[in-house]
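Biologist: I am new to this structure and would like to learn how to read it. Could we go through a few features together, with the general idea before each case?

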Amino acid sequence: MKTMFDLFKAAGYNNLAEMEPYKGYEPKNNIEIEAWDHQKNEVCWKKVKLLFYKGDSHPYNSYQIVNPVQKKAFMCTGDHLLLNKNDNKYYPVKRLPKDFSAVDNQGKPVSIIISKINESFPVLDVEVDGTSNYLSADI
């Protein structure tokens, strides 16, 4: 899938306006997403348990994450957490430098570019079975 909205559509939710913000919705169609398994130290596929529409982002708290190696990107709020492979801790995007070493879908460090974009967009989130993280743009 290309975007979180594509994932929501695959799960059976085509119209975000019909979703109550912050309410968890079970997928109408079973879907899985790539996630990082900290115990096995590898990427695995995990079932999506719940989908959340969290309203629209505020332009002052909007960022774009670019993975130049994979030529992929995604938008997120400044509160979105990224794993720092150096200390194995998660940090909010708004507190990270523009050039940051994240973790790719192979568990290896990858240089990404973080840019403030000052746009509003739908904030979409998922609850993944057995983990608190998932991969976007192979990060």
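**Reading the features one by one**

Modeller: Let's start with K71, which is exposed, with a relative accessible area of 76%. Here buried means under 20% relative accessible area, exposed over 50% and partly exposed in between, using a 1.4 Å probe and protein chains only. Keep in mind that this is a predicted model, where local features need pLDDT of at least 70 and side-chain atom pairs count only at pLDDT 80 or more, while totals for chains, interfaces and linings use all residues. Residues are numbered from 1 along each chain as its sequence is written, and side-chain values use heavy atoms, with hydrogens and water left out.

Biologist: Where does K71 lie?

Modeller: K71 lies in the loop between strand 4 and strand 5. Helices (H or I, at least four residues) and strands (E, at least two) are DSSP runs, numbered from the N terminus.

Biologist: How should I read a backbone phi angle?

Modeller: Most residues other than glycine have a negative phi. N118 lies in the loop between strand 9 and strand 10 (122-128), and at 52% relative accessibility N118 counts as exposed.

Biologist: Now the sheet, please. What order do the strands of the open sheet have?

Modeller: Strands of a sheet pair through backbone hydrogen bonds, either parallel or antiparallel. Two strands count as paired if DSSP finds at least two bridges between them. In this model, an open sheet of 4 strands has the order 5-4-9-8, with antiparallel pairing. Strand 5 (72-77) and strand 8 (99-103) stand at the edges with a single partner strand each, so one side of each is left without a neighbour in the sheet. From one strand to the next, the twist averages 35°; such angles run from 0 to 180 degrees between N-to-C directions, along axes that are lines fitted to C-alpha atoms, for helices over the stretch in contact.

Biologist: How many bridges pair strand 8 and strand 9?

Modeller: Strand 8 and strand 9 (residues 109-116) pair over 5 bridges in the antiparallel sense. A102 stands opposite V110 in strand 9, while the bridge partner of V103 in strand 9 is P109. This hairpin has 5 residues between the strands, and G107 takes a positive phi near 80°.

Biologist: What describes a pair of aromatic rings?

Modeller: It is described by the distance of the centres and the angle of the planes. Rings of Phe, Tyr and Trp (its six-membered ring) pair if their centres lie within 6.5 Å; planes under 30 degrees apart count as stacked, over 60 as edge-to-face and the rest as tilted. A search of the whole structure finds 1 aromatic pair. The ring centres of Y13 and Y25 are 5.6 Å apart with planes at 65°, so this pair is edge-to-face. Y13 lies in the loop between helix 1 (4-10) and strand 1 (24-25), and Y25 in strand 1, so the pair ties together parts that are 12 residues apart in sequence. Y13 and Y25 are buried.

Biologist: Which residue lies over the face of Y13?

Modeller: K28 does, at 4.7 Å from the ring centre. A charge sits over a ring if NZ of Lys or CZ of Arg is within 6 Å of the ring centre and within 35 degrees of the ring normal. K116 lies over the face of Y63 at 5.1 Å from the ring centre.

Biologist: Is S62 buried or exposed?

Modeller: S62 is buried, with a relative accessible area of 0%, and its place is in strand 4. The side chain of S62 makes a polar contact with the side chain of S57 at 3.1 Å. A polar contact is a pair of N or O atoms within 3.5 Å; within protein, one must be able to donate a hydrogen and the other to accept it, and residues adjacent in sequence count only if both atoms are side-chain atoms. The side chain of S62 also reaches the backbone oxygen of H58 at 2.9 Å.
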